[in-house]
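Let's take a walk through this model, one stop at a time. Have the viewer open and follow along.

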Amino acid sequence: MHKERPIQEWQLMNEQYLRQLHSYLERVFFPFISISEVEMRRSADRLETFRLTRSLVALSFQMETGCEPEEACIAITDGFGDNGIDGIFCSQVSQTLYFNQSKYHRNGSGSIELGETLKFLRGVRAILFQQDYSNFCERITRRSFEINQCLDDINVRVVLLLTYLGEQRLSKEIREEMDRFIVEANGNYDTYSYKVQRFDDMYGFIRNQHAKINSPIDLQVHNWVECAYPLKTLYGQVNGKALVDIIDRFGPSVFSQNIRLHLGDTEVNKGILATIEREPDLFWYYNNGITILANKLRNMSLAVTAPRRAPSGC
């Protein structure tokens, strides 16, 4: 029979989990977080809060897209004049435009307030439906071309992310406002949606990240040819489903170092997709196959222990 933990014990464990999450944010995102605009006017504690709040935005984008920490931090828009929008990320992989609002709670409790959500929705409406950047800060206006280009894609999806370091549910009033916005924006389609990311989601993500980084991938290579110089290289064939399984297991982060993701919807990228869909047997010849970086070669299998670096390109 399950026995509930005493409240005091739960609070102590919760503080431990919070410290672990803080440690992850500091280690992974702090080197790329900019707070130059407030650095001279705030106390050390306030500056720490600014860094942690902005790190939540970056973590939110990493959770959704598998992007690299520096790329996630570049997408942060938090600051004076952001109109409630703390981050904007355009994913070329999933053809999705993300808008984020984050709220940091040092003690791991609390949620997002209704006023903050209404401000966020007003800002999102100005960009999505009016393409009006006149009242936004420079962090957002300088990206207006990128955002509008993303919105012009007929296949784009728009996701609103509400991220907060707490365990409470959103209030009924906030859920109603978010639902109303999504229904009005979608009309007869399903382009728009929203997602809530709470402490449990974030903590679970960083635990899974640690487990993935330290777990190998075995990938069988068939009809192989070995080249020993200048670096040990194996040319061969692999089962396409095995590659799909890697993506299912590790997410889009395995492509994070592939330059083609950042080039967007180019003619070359369209050609690669067309080959996969219509002439998969010619993919190797047209596009040089797929390059995978591995730590070890064992019995003509690839033992990949750094999955963020594989596959790395075409």
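Start at Gln 95, which sits in the loop between β1 and β2 (96-103); helices (H or I, at least four residues) and strands (E, at least two) are DSSP runs, numbered from the N terminus. This is a predicted model, where local features need pLDDT of at least 70, side-chain atom pairs count only at pLDDT 80 or more, and totals for chains, interfaces and linings use all residues. Residues are numbered from 1 along each chain as its sequence is written, and side-chain values use heavy atoms, with hydrogens and water left out.

Back to Gln 95: its phi is near 50°, a positive value in a residue other than glycine. Most residues other than glycine have a negative phi. Gln 95 is partly exposed at 29% relative accessibility (buried means under 20% relative accessible area, exposed over 50%, partly exposed in between, with a 1.4 Å probe and protein chains only). Asn 83 also has a positive phi, near 55°, and lies in the loop between α3 (69-74) and β1 (87-91). At 24% relative accessibility, Asn 83 counts as partly exposed.

Now for the cysteines. How many disulfides are there? The count is 0, taking a disulfide as a pair of cysteine sulfur atoms within 2.5 Å. Cys 67 is in none, as the nearest cysteine sulfur, that of Cys 73, is 8.5 Å away. Seen from Cys 73, the closest cysteine sulfur is the one in Cys 67, and 8.5 Å is too far for a bond. Cys 67 is buried at 6% relative accessibility, and Cys 73 is buried with a relative accessible area of 7%.
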